[in-house]
Amino acid sequence: MTLNRRQLLGRALGGAVGAAAVAAPWAAQAADNWPSKPIRIVVPYPPGGSSDIIARAISQPLSDALKQPIVIDNKPGANGNLGADFVAKSAPDGYTLLLCDVGALAISPSIYTKLSFDPSKDLRGVTMLAYSPHLLVVHPSVKANNLQELVALSRSSDLNFAVTATGSAPHLAGVAVERATGAKWVYVPYKGGVQSIQDTVAGQTQVLMNGMLATLPHVQSGKLKLLGVSKATRMPLIGSVPTIAEQGVPGFESGTWQGVRAPRGTPDAIVNRLNRELIAVIRSADIRSRLAGQGAEVVTMAPAEEEQFFHKERARWAQLVKDANLRID
């Protein structure tokens with residue numbers, strides 16, 4: 001039997017409509033009954049980092065709001081890609097979510113030559129939760145009190161720069177500062193922010209850029225010396241500390257953007273409910289105050305806004321990755 005173009009198109013549309021008719025009741029029913037069991041939030045980094053801190057801060061109030069247990073599941077590895085891959089390949093039913101540094105996730109497609117999932121196609125935005133700038137810190141023994149002195153020292157002494165993970169946002173921030181100032185340091189990769197902080201505190205590495213939320217306590221205790229903050233303007237919490245932009249890198253800004261993403265195909269009704277509940281929790285006076293005291297700013301977005309942010313970050317970092325010729329097999 002031979003079909004013309006119009007007949008083929010009609011059959012294709014009919015098949016699509018039929019499939020949608022089958023899928024729509026399932027999606028509607030799933031959304032109506034959600035949640036009916038515990039929800040897993042995957043944090044793709046080791047415990048103690050910025051994403052983990054936020055996940056544990058919101059877990060109980062979110063559980064109270066949804067009337068279901070919230071399970072925090074740390075799945076570190078490959079700069080967060082192992083945990084993200086797990087969520088990307090999970091059922092799109094609202095019971096497995098990813099809480100991560102959305103900016104770091106946006107870097108992965110540019111820097112990894114072999115990525116087992118596509119963050120843009122396999123995950124969808126739910127909301128942003130918080131932003132904290134990167135802090136440029138050194139071990140107290142380092143004889144530099146600002147960025148200019150650190151750059152000069154790096155040209156005459158061997159300085160090891162602790163990288164929270166190869167290809168991470170703090171890594172690329174360090175590369176950007178190095179390229180802009182002419183600094184010279186050796187990058188030492190770790191499997192997460194906590195380990196990189198520990199080794200810098202111990203003096204095994206001398207320089208570190210990392211999210212303020214996880215790093216500031218070590219500055220406040222005197223275990224690390226703070227030289228600069230990667231925000232456009234100074235922060236009230238550390239108002240005497242100049243920004244990196246003020247110290248010779250005009251316009252420089254970077255940081256960690258904690259947000260929630262879900263498997264692509266998760267029904268809109270579930271995503272929208274999650275968006276409302278997560279925003280209510282993170283904006284609560286208690287959590288907002290607690291995060292502000294640690295240097296994190298509550299930043300929330302609608303699902304579509306989070307998607308737009310992700311695509312902008314992906315394009316922004318792709319250019320730096322290309323310029324620096326950074327690729328991971």
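Modeller: I start with the surface of the whole chain, in what is a predicted model. The chain exposes about 14,500 Å², and carbon and sulfur atoms supply 54% of that area. Of its 329 residues, 54% count as buried. The chain contains 12 helices and 10 strands. Its radius of gyration is 22 Å, close to the 20 Å given by the globule rule for 329 residues, so the chain is as compact as a globular protein of that length. Along the principal axes, the C-alpha atoms fill a box of roughly 80 × 50 × 30 Å. Among contacts with a separation of 6 or more, 79% are between residues 24 or more positions apart.

Buried here means under 20% relative accessible area. The buried residues are Asn-81, Gly-83, Ala-84, Asp-85, Val-87 and Ala-88.

What covers these buried residues of H3 includes both strands and helices. Among the strands are S1 (39-43), S3 (96-101), S4 (123-138) and S9 (255-263). The helices include H4 (102-111) and H5 (119-122).

Gly-167 lies in the loop between strand S5 (160-163) and helix H7 (169-181). Its relative accessibility is 0%, so Gly-167 counts as buried. Leaving aside neighbours within four places in sequence, Gly-167 is in contact with Asn-79, Ile-107, Ile-111, Leu-172 and Ile-328. Two of these, Ile-107 and Ile-111, fall within the residue range of H4. By contrast, Gly-167 and Ala-91 are 28 Å apart in space, C-alpha to C-alpha, and 76 residues apart in sequence.

For a pairing of two helices, take H2 (residues 50-66) and H11 (residues 285-292). The axes of H2 and H11 come within 11 Å and cross at roughly 170°. That angle makes H2 roughly antiparallel to H11. On the H2 side, the contact is made by Ile-54, Ala-57, Ile-58 and Pro-61, while H11 contributes Ile-287, Arg-290 and Leu-291. By class, this contact has 6 nonpolar residues, no polar ones and 1 charged residue.

Terms used. Residues numbered from 1 in each chain as written. Predicted model: local features only at pLDDT ≥ 70, side-chain atom pairs only at ≥ 80, totals over all residues. Heavy atoms only, no water. Axes fitted to C-alpha atoms, helices over the stretch in contact; angles between N-to-C directions. Helix = DSSP H or I, 4+ residues; strand = E, 2+ residues; numbered from the N terminus. Parallel < 35°, antiparallel > 145°, perpendicular 65-115°, else oblique. Contact = heavy atoms within 4.5 Å. Nonpolar A, V, L, I, M, F, W, Y, C, P; charged D, E, K, R; others polar. Rg over C-alpha atoms; globule rule 2.2 N^0.38 Å. Buried < 20%, exposed > 50% of the residue type's maximum accessible area, 1.4 Å probe, protein only. Areas by Shrake-Rupley, 256 points an atom, 1.4 Å probe, with all protein chains shown as cover.
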